[in-house]
Amino acid sequence: MKGLQDFIKNAGKNVKLSMCLMGLGQIFYGQIGKGLCYLGILVLAIAYFLYRGFADLAGLFTLGTKEADTWLDVQGDNSVVMLLMGILAIIALLFLAYCYISNIMDAYETQKICKKGGQPARFQDDLKQFLDKKFYKTVLFLPIIGVCLCYTTYCLYDCQIVFGWLFSCQRYRFIN
């Protein structure tokens, strides 16, 4: 708790701006590209959660409220889809939290560099760093996300439903 109080006390104006709105501190430090990336992530996350994410989170806990009735031809809620979409909403929420914390820590590191008289890193320098020093994060990001999504969907769905596009492509290949 003391470390958090010290962090807030030592945080400058631009770090506090990043706490209020993702990317704003980076923009004020002159890191326009990085600031716009953080701001874009925030805008996309807000749009997703307003459009669908909150309903998916609620569906994760209820797994449907509409009961199916085959005699009356009433379609019920598909609890498997609701479970999957709820899990994906939690992953999106965790990704947003990670980006938010990364945003604040980056603004704080930039503040420390500027206090020492240095220049903030340019966007190109940050990209080069992800291709050099932090290459392992770059390489492992997409496979980890892919494995999480594929195994979640494979376990929750019938294989033909998930990979139906593949089966349909193979059917057309045999016809031609």
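Threonine 110 touches Tyr29, Gln31 and Pro120, leaving aside residues up to four places away in sequence; a contact here means heavy atoms within 4.5 Å. Threonine 110 is found in helix H5, residues 79–115, where helices are DSSP runs of H or I with at least four residues, numbered from the N terminus. With a relative accessible area of 4%, threonine 110 is buried, a term for residues under 20% relative accessible area (1.4 Å probe, protein chains only).

The model is predicted: local features need pLDDT of at least 70, side-chain atom pairs count only at pLDDT 80 or more, and totals for chains, interfaces and linings use all residues. Residues are numbered from 1 along each chain as its sequence is written, and side-chain values use heavy atoms, with hydrogens and water left out.

Helix H4 covers residues 32–62. Its 31 residues reach 42 Å from the first C-alpha to the last, close to the 45 Å expected at 1.5 Å a residue (1.5 Å times one less than the number of residues). H4 has a kink of about 60° centred on phenylalanine 49, the bend being the angle between axes fitted to the seven residues ending there and the seven starting there. Phe49 is also one of the buried residues of H4, which include Gly35, Tyr38, Leu42 and Gly53. Leucine 63 follows H4 and has a positive phi, near 55°.

Helix H7, residues 135–156, gives the largest share of the nonpolar patch, five residues. Tyrosine 136 lies in H7, and Tyr136 is among the residues that make this patch, together with Leu131, Phe135, Val139, Leu140 and Ile144.

Terms used: Patch = residues over 30% accessible without salt bridge, like charges linked within 9 Å, V, L, I, M, F, W, Y side chains within 5 Å. Areas by Shrake-Rupley, 256 points an atom, 1.4 Å probe, with all protein chains shown as cover. Salt bridge = Lys/Arg side-chain N within 4 Å of Asp/Glu carboxyl O. Helix = DSSP H or I, 4+ residues; strand = E, 2+ residues; numbered from the N terminus. Buried < 20%, exposed > 50% of the residue type's maximum accessible area, 1.4 Å probe, protein only.
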